[in-house]
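My entries follow the display.

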Amino acid sequence: MSEVAFYDNGIVKVTRTLFEVPGTQYPIRNIGAVKTSIETPSRTGPLICLVIGVILLVAYVGILVIALAILWSISQKPTYWIVVVSAGTESRAFSSRDPNQIREIQSAINAALSQH
């Protein structure tokens, strides 16, 4: 008999006893806590591109480079992580660009933890 899943999107699965991500399984009984973290992308590349664009304004190519820098910066999205705390150590278990998906997974893990 299969166990009822708190969350299952085909990639990540949370059941009463197990949190599964690609390549790793975390027994719920070993998880002390679960939290999220945000990794913001580096803005160094777009900033350098912007500076080069300002320098190239003299050659009229700068407008294109500045537009490229702005588009590059706008397209960068933060990465959200599920962090599992087990035996006093933290490990990044799963990442997504969708904060709602991370919240749903965290909520499912917390529901599974409350069953223990």
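This is a predicted model: local features need pLDDT of at least 70, side-chain atom pairs count only at pLDDT 80 or more; totals for chains, interfaces and linings use all residues.

Entry 1, helix on sheet. I found helix 3 lying across strand 5, strand 6 and strand 7, at about 15 degrees to strand 6. Helices (H or I, at least four residues) and strands (E, at least two) are DSSP runs, numbered from the N terminus. Angles run from 0 to 180 degrees between N-to-C directions, and axes are lines fitted to C-alpha atoms, for helices over the stretch in contact.

Residues are numbered from 1 along each chain as its sequence is written, and side-chain values use heavy atoms, with hydrogens and water left out.

I looked up the strand order: three strands form an open antiparallel sheet, 5-6-7. Strand 5 and strand 7 are the edge strands, each pairing on one side only. From one strand to the next the twist averages 30 degrees. Strand 5 and strand 6 run antiparallel and are joined by seven bridges; two strands pair if DSSP finds at least two bridges between them. I38 stands opposite Y80 in strand 6.

I checked the length: at 1.5 Å a residue, the 16 residues (99-114) should span 22 Å, and the end C-alpha atoms are 22 Å apart, which agrees. The expected span is 1.5 Å times one less than the number of residues. The buried residues (under 20% relative accessible area, 1.4 Å probe, protein chains only) are Q101, I102, I105, Q106, A108, I109 and A112. Seen down the axis, the buried residues of helix 3 fall within an arc of 160 degrees, so they line one face; the arc is taken from the directions from the helix axis to the C-beta atoms. At the N-terminal end, D98 caps helix 3, with a side-chain oxygen 3.1 Å from the backbone nitrogen of N100.

Is Q106 buried or exposed? It counts as buried because its relative accessibility is 19%. Beyond its neighbours within four places in sequence, Q106 is in contact (heavy atoms within 4.5 Å) with V34, K35, T36 and I82. A polar atom of the Q106 side chain lies 3.4 Å from the backbone oxygen of V34.

I found strand 3 and strand 4 forming a hairpin with two residues between them, and G23 in the turn has a positive phi of about 90 degrees. F19 stands opposite Y26 in strand 4.

Methods:
Buried means under 20% relative accessible area, exposed over 50%, partly exposed in between (1.4 Å probe, protein chains only). A polar contact is a pair of N or O atoms within 3.5 Å; within protein, one must be able to donate a hydrogen and the other to accept it, and residues adjacent in sequence count only if both atoms are side-chain atoms.
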